[in-house]
Amino acid sequence: VQLQACGGGSVEPGGSLTLSCAASGSIFSINVMGWYRQAPGKQRELVALMTKSGSTNYADSVKGRFTISRDNAKNTVDLQMSSLKSEDTAVYYCNFRQLSMDYWGEGTQVTVSS
């Protein structure tokens, strides 16, 4: 499975960004797509994930500000980020999980700064 992500960039606090990721390759019917992030000096952490049936899981720090969505027909997942804070600054990684295997995108930088 290959993942191609896009949409990172720089934004001021309170701003919005949308990340997008497309999966291709050998994709089976049961899978989970999501986003993780890693800030400098910190471990990679879950941001949000979504099963193919629509169940979601969000990190407490982003609840109410970020929204994950996916298009099962296109095997894409989006992360709409609003009310961004400086602590959201990190490299964001698209994740695809199936058959107990994790696949990762290359990562896209999100910088929130005035």
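1. A nonpolar core here means a set of buried Ala, Val, Leu, Ile, Met, Phe, Trp, Tyr and Cys residues joined through side-chain atoms within 4.5 Å. With that in hand, a few friendly remarks on this predicted model.

2. Let me start with the core itself. The largest one has 27 residues, and those that touch the most other members are Trp35, Val47, Phe66, Ile68, Leu79, Met81 and Tyr92. At least two residues of this core come from each of β3 (17-24), β4 (32-38), β5 (45-51), β7 (66-71), β8 (76-81), β9 (90-98) and β11 (108-112).

3. Leaving aside residues up to four places away in sequence, Leu79 touches Leu17, Thr18, Leu19, Trp35, Val47, Ala48, Phe66, Thr67, Ile68 and Tyr92.

4. On secondary structure, the protein chain has eleven strands and zero helices. Of contacts between residues at least 6 apart in sequence, 51% join residues at least 24 apart.

5. As for overall dimensions, the radius of gyration is 13 Å, which agrees with the value near 13 Å for a compact globule because the chain has 114 residues. Along the principal axes, the C-alpha atoms fill a box of roughly 40 × 25 × 20 Å.

6. Turning to burial and surface, 39% of the 114 residues count as buried. The accessible surface is about 6,100 Å², with 47% of that area belonging to carbon and sulfur atoms.

7. Finally, charge: the chain carries 10 positive and 9 negative side chains, and the centres of these two sets are 5 Å apart.

Terms used: Residues are numbered from 1 along each chain as its sequence is written. This is a predicted model: local features need pLDDT of at least 70, side-chain atom pairs count only at pLDDT 80 or more; totals for chains, interfaces and linings use all residues. Side-chain values use heavy atoms; hydrogens and water are left out. Helices (H or I, at least four residues) and strands (E, at least two) are DSSP runs, numbered from the N terminus. The radius of gyration is taken over C-alpha atoms; the globule rule is 2.2 Å times the number of residues to the power 0.38. Buried means under 20% relative accessible area, exposed over 50%, partly exposed in between (1.4 Å probe, protein chains only). Contact means heavy atoms within 4.5 Å. Accessible areas come from the Shrake-Rupley method with a 1.4 Å probe; for residues, only the protein chains shown count as cover. Lys and Arg count as positive and Asp and Glu as negative; His and the chain ends are not counted. The place of a charge is taken as NZ of Lys, CZ of Arg, CG of Asp or CD of Glu.
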